Amino acid sequence: MILSMRGAIALVALLLAVPAAPPDVDDDLLSRVDSTLEESLSDTGVPGLAYAVVTPDGAQRVGAFGHDGNDAPVTADTPFLWGSIAKPVASTAVLTLVESGQVELDAPVRRYLPEFDLAGPSDISRITVRHLLEQTSGFPEDTPLTDRFDEIGDPYERAVRDLADIAPQSEPGVAHTYSSVNYLIIGAIVEAVTGESYTSYLRRAVLEPLEMDTVIIEDSDGQGLPPGHRVTFGRPVAFDAPYDPAGASYGGYMGGTVEDLAAFATVHLNGGEVGGQRLLEAEQVAEAHEGAITLSDSMSYGLGWREDSRNQDLGTVTYWHGGAVSGYHAIVVLLPEAGYGLVVLQNAYSDLLDDQVVSVGLNAARILAGGTGEVPASAPAYWWLLVALSTVVVTGAALTVDTVRRLLGVRSAEGEGPAPARRVWAPTLAWVLGAACVAWLAVVGFPAWAGFGMRTILLFTPDIGWLLVAIAATGICVAGLRIALAVVRTRARRSRGAV
C-alpha cells in the first residue's frame, strides 16, 4: 500500500507514540484513580459510575461505584449509554472499508450516495467522506434530523432524503462544526457500500472481532438498560432514554458495559490490534487520532477523535472523545506515550454540567499520565441561569395575576375606570409588544443563542426547557389579558360617554 504524506506522518507518530511493551502496572497509581473517581460522585452529584484502566494488553483495573436508575448497585456488568462515543466507533467502521478499498476518504459523498442533496447554493459535490468524519462539511450544529424516535422507514435513507431541506452554514472544509448529521450520513454510506444495515455491518466488522458482545445498538439490545438520570433543578432524576433507530452511528443510541468500551479503547491504544487480531492497520489508527482541524490552541479534531495537548507537560499526547445522551455520559481517553487508556461511564448528564462531568474522566486520566487530579469544577452558571429564569417566571406570573385582578374590576376604585382611548391603548400596545418579545426570546431567541432547538433543550435540560416554556406562556397570557383589559376599559368609556 502506498501511503499519502498525511498517512506517512501519522504512521511515524504512531510508532513513536505506542510503547513497544505494556507499562508495568502501578497499583498505587490505579488506586489513586480509583479513589479520585469514587470521590467525584459527591462532587458532581452523579448517582453511579463505572471505569476501566487499559493498557495495550487490555483492561487492567475495572471499578464501579454508586447505584443505577433502579437503585441497584453499579457493577462492571451494568450497561450505560455512550452517546457520541458512537462517532469514533463509526469512524473505525468506515476505516475498515477504507482498508478493503470500498471507500476512499477523499472521495465525494455523492459517489456513494447519488441522491445526496442539500438546500441552498452550496457545492455539495465537494463534500467528501473525510469532511464528514472531521465534521467540516458545513452542516449546522442543531438540525431536526437527529433524536428522532418514531421509527419510520429506514432511518438512514430517511435522513439523506430529508437533508434536501437543510442548508449548510459554510462551505466544505472551511470550518469545524460539531454536527451529528455528519455521522448520520456516515451510517448511510456504510449501508450503501456494504448492502447491509449499519448495525449489521458494525457488529460483523468491529464489535464481534473485539468481543464487544453486550453492546447496545438496537432497541432489542437495551431491554436490560437501567434508567439514567437527567439533572432537574440540581437533582438527578431517573429517566429512560428514548430509542433512535439511527442513533448507532452518531450517538443517539449506543451503549454497553464498561468492559465493552474498554475493548474498543484497547484496540486504539494498541495501534489497531488486540488479542492477536488486527482490526485496522497502524497507519489508519494514527490518521484517525491525528488532529487535522484546529479547535483551540490546545485541541484539534481528527477522524472522530480529539487530539489534546493538556498532558504534554507529562510527556504524552492525549486522544479522547466524550459522549452524552439524556441520562448518561461516557468518555474514552488514550495516553499513548504513557501506555494507558481510560474509560469512564456516568449515569447522569445535563448540558449545563458538561464541563464538570467531562473533567471527571480527563482529570483521572491526568493521574494516569503521572500528574495530579483535580476536583471537578463546579458549575455556578447553571444555578445562576436557574435563578434568572425562575425570577422571570415569577414576575410573569405576578403580572398575570395583577392583570386578571384589574380585568375583574378589583382595583376599579383606584383608577381603572373610564379613560380616553389613547391612554388605554398606548400602554396596552407597549405591554403586548414587551410580553410578545419576552415569549419569543424564551422559545426562539434563547435556543438560537445557545445553539440548540427547544426540543433538544427539553430532552437534555428539562428544567431549563420547562422554565423557558413557562416564560413564554406567561408572556402570552400577559399580552392576551392586557388586550382584554383594554377592550373592557374602552367599552366602559363608551358606555359612560367618556370623551
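Phe233, Leu458, Trp466 and Val469 make up a nonpolar surface patch with about 360 Å² of accessible area together. A patch here takes residues with over 30% relative accessible area and no salt bridge, joining nonpolar side chains (Val, Leu, Ile, Met, Phe, Trp, Tyr) within 5 Å and like charges within 9 Å; areas come from the Shrake-Rupley method with a 1.4 Å probe, and for residues only the protein chains shown count as cover. Keep in mind that this is a predicted model: local features need pLDDT of at least 70, side-chain atom pairs count only at pLDDT 80 or more, and totals for chains, interfaces and linings use all residues. Residues are numbered from 1 along each chain as its sequence is written, and side-chain values use heavy atoms, leaving out hydrogens and water.

- Leucine 458 sits in helix H15 (residues 454-460); helices are DSSP runs (H or I, at least four residues) and strands are E runs of at least two, numbered from the N terminus.
- With a relative accessible area of 32%, leucine 458 is partly exposed, the class between buried (under 20%) and exposed (over 50%).

**Cores**
- The largest nonpolar core holds 87 residues, and Trp82, Phe116 and Ile189 are among those with the most contacts inside it; such a core joins buried Ala, Val, Leu, Ile, Met, Phe, Trp, Tyr and Cys residues through side-chain atoms within 4.5 Å.
- A second, separate core has 33 residues, including Ala324 and Phe460.
- Leaving aside neighbours within four places in sequence, isoleucine 189 is in contact (heavy atoms within 4.5 Å) with Val103, Val109, Tyr112, Leu113, Val129 and Leu132.

**Helix H6**
- Six of the eight residues of H6 (residues 155-162) are buried, so the helix is largely enclosed by the rest of the structure.
- Its buried residues pack against helix H7 (181-194), helix H8 (198-207) and helix H9 (247-250).

**Salt bridges**
- The whole structure has 13 salt bridges, each with a Lys or Arg side-chain nitrogen within 4 Å of an Asp or Glu carboxyl oxygen.
- Arginine 130 and aspartate 106 pair up at 2.7 Å, N to O, linking helix H5 (residues 129-134) to the loop between H3 and H4, 24 residues apart.
- In that pair, arginine 130 is buried at 9% relative accessibility, while aspartate 106 is exposed at 52%.
- Asp106 and Arg130 also belong to a salt-bridge network with Glu287.
- Aspartate 221 bridges to arginine 203, with the closest N and O atoms 2.5 Å apart.

Conventions. Buried means under 20% relative accessible area, exposed over 50%, partly exposed in between (1.4 Å probe, protein chains only).
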